[in-house]
Amino acid sequence: MTASNRPQSSASLRARPGVPYPLGATWDGEGVNFALFSENATAVELCLFGGSDGNEEHGRIEIEEQSDQVWHIYLPGVGPGQRYGYRVHGPYDPAAGHRFNPHKLLLDPYARTIDRLVQWSDALFGYEIGQPEADLKMDQRDSAPVMPKSVVIDDRFDWEGDRPLRIPWNETVIYEVHVKGFTWRHPEVPRQLRGTYAGLSSPPAIEHLRALGITAVELMPVHQSATARPLAERGLTDYWGYNSIGYFAPDLRYSSSGAAGQQVAEFKSMVKALHRAGIEVILDVVYNHTAEGSHLGPTLSLRGIDNLSYYRLQPANRRLYADFTGCGNTLNMRHPRSLQLVMDSLRYWVLEMHVDGFRFDLAAALARELHEVDRLAAFFDIILQDPVLCQVKLIAEPWDLGEGGYQVGNFPVLWSEWNGKYRDTVRDYWRGADRTLAEFATRFTGSSDLYGPSRRQPHASINFVTCHDGFTLHDLVSYNVKHNEANGESNKDGDNTNRSWNCGAEGPTGDPIVKLTRERQKRNFLATLFLSQGVPMLLGGDEIGRTQMGNNNAYCQDNEISWFDWEHADRDLLEFTCRLIRLHREHPVFRRRRWFQGRPIHGQHVHDIGWFTPAGEEMSEEDWRVGFAKSVAVFLNGEAILSPGPMGERIVDDCFYLLFNAGHEQLSFVLPAREGNFRWAKVVDTSQRMVEEPAQLYVPGQEVAVYARTLMVMRLVEHPQAASAPRGGEEFFGR
């Protein structure tokens, strides 16, 4: 099939059949084995590129070997740095689901490196743009001159004994962060490293993470991605990276050298450095869709390799895609080769890149077998039995945009979930919206109603108040409505339901009362987050007061809207957050491995948890149902933790009494009685910037004033002076 007007390579004269596994381009020290799956192709050509810009086509070789729908060839003498792509022949019949077009150079889905970003051109589209029903007619322009190329790499790396940290779930504190935004403006990170993998693992960056006390970074997408053409034409970029084109390739944008192939070693070095600091690496991955978009999108990889196999098409009209993601297409997880692509990618990032877990974007889309979300879909079955993936942290964003896509609480064992109900309930509670205290108590104690029925434990709940998608913490208390004008969509994008409260003024203000209220609200949200059962997740930058100026959908803002502003960091808030995380990590009563029982333990008059009114009376059923009630106290008994430690030892912790007052007036709370030489020490008070040490002490049974919109935490401590006479309740709390 190789035509005389096509460039040929001397490599074609010595090519060998090669093998069908593994897929992708594999260098063995002497040559490269190329293997590409396509069930419906009629022919496949391997194209090799070189030259100063990597665009000079040095050879085009027809792959003659095909085994089990995999096209494969081995080229001796080819090695790392070789740029390549594929041209795949077959029917161009959109109505039947086929969009083969050999005029379009295609990325290898298994490419470990992609040499450049997508620069938009009409030639990247497989159809004639601008024609009526345009995608029905094949475009014959060659896309190779403007198309990124896949690159063969040498994946050898000295890990120096690096091993998975395997930090237990109940000891995990997650920090969601963008690789670039975190260090781009950091004055202590060397300028050439800012915004890169190397910058994230630089000493100043790691020092901040360690001082903060987090145990894992959850990196926003680092797979190679592409900016959608309409966005690029508005002068914007896909900053977040939820538009993948390479599931094995680290994003070139975050490479300090910018040289193709170097980002792999740089990423590995980052992971190794973070592991040495005791910090796990979790990747936010986007396997639900790709950057090829709808039927009017470009032909970059999977669409031209085998559209019918890789994508979910509408049964009644295969020209169109089933779109459960809002991004134009949905990966076809019903096809074994699509499943293999995802599973191979996941195992690669664990085994070769040493990451510790994954957060799956729009994970409900991966669970759709036919139309409805199926919690026992093949994807989850395969994960469960996989000896590699069943040992890493698995987090679902448990919704997609399709019908029935909100699946919080419905994922199977092994999976933790972003708990959107926790976010909504905590926001409503502190802004004073009518929502029963029972709902708040359930979320605060780990959401057993969501995860208990499937026999999962509190760590199944990834608790968060803010995340990349929506307001930052500062903006949550500063804006009532979104301000997304900079996105160029007339402020129509982004969620309109933010459950936010601006505390009396919209946006920046000089009003001292409003500013004090905002600071208190931030501390309330942070304290609630780190004192709740489940796994806390902090949005990167919330600890220093990062603002996006009211933008709740900053996906396209690669600028000051998204970058951390280290120069104006709120140091008081940072210190408050550090102390909260330290309190969380030092006291197992706040991170239990098992559910509270809420009743006498083993027949004793000792409870593991108790809920009380400000007057010190146990909450009644009527109290729980009052929608306007905003005050409650909770007793956490550190002497009644049933789950043992890692060596089987009994775990004993301090006892705590938490006083919540989300109302607009000051309230008096009665502190629990306790026989013996004890006092209640105030360790957190969100009405203050910081609790001074030594902590203020209170006598058991004493009344304490809790300011409006304040959370106060008391710890029971021994005291040499005799306690005053108890005022009841000693039976509940133990003697």
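The accessible surface of the protein chain amounts to about 28000 Å², and carbon and sulfur atoms account for 48% of it; accessible areas were computed by the Shrake-Rupley method with a 1.4 Å probe, and for residues only the protein chains shown count as cover. The model is predicted, so that local features need pLDDT of at least 70 and side-chain atom pairs count only at pLDDT 80 or more, while totals for chains, interfaces and linings use all residues. Residues are numbered from 1 along each chain as its sequence is written, and side-chain values use heavy atoms, with hydrogens and water left out.

The C-alpha atoms of the protein chain fill a box of roughly 100 × 55 × 55 Å along the principal axes. Of the 735 residues, 61% are buried (buried means under 20% relative accessible area, exposed over 50%, and partly exposed in between, with a 1.4 Å probe and protein chains only). Among contacts between residues at least 6 apart in sequence, 73% join residues at least 24 apart, a contact being heavy atoms within 4.5 Å. The secondary structure comprises 17 helices and 31 strands; these are DSSP runs numbered from the N terminus, with helices (H or I) of at least four residues and strands (E) of at least two.

The structure contains 45 aromatic pairs. Rings of Phe, Tyr and Trp (its six-membered ring) pair if their centres lie within 6.5 Å, and planes under 30 degrees apart count as stacked, over 60 as edge-to-face and the rest as tilted. The pair of Trp-120 and Phe-125 is tilted, because the planes stand at 35 degrees, with the ring centres 5.9 Å apart. Trp-120 is partly exposed at 22% relative accessible area, whereas Phe-125 is buried at 6%. Trp-430 and Phe-660 also form a tilted pair, with centres 6.4 Å apart and planes at 40 degrees. This pair links distant parts of the chain, 230 residues apart: Trp-430 belongs to helix H10 (residues 420-431) and Phe-660 to strand S26 (residues 656-661). Trp-430 is buried at 0% relative accessibility, and Phe-660 is likewise buried at 0%. Ring pairs also join Tyr-247, Tyr-287, Phe-358, Phe-360, Phe-379, Phe-380, Phe-411 and Trp-415 into a cluster.

Zero disulfides were found in the whole structure, a disulfide being a pair of cysteine sulfur atoms within 2.5 Å. Cys-47 is buried at 0% relative accessibility, and Cys-578 is buried at 9%.

Most residues other than glycine have a negative phi, and most peptide bonds are trans. The peptide bond from Tyr-21 to Pro-22 is cis, with omega near 0 degrees, and Pro-22 is placed in the loop between helix H1 (10-13) and strand S1 (24-27). Cys-503, not a glycine, has a positive phi of about 65 degrees. Cys-503 lies in the loop between helix H13 (473-476) and helix H14 (512-531) and is buried at 7% relative accessibility.
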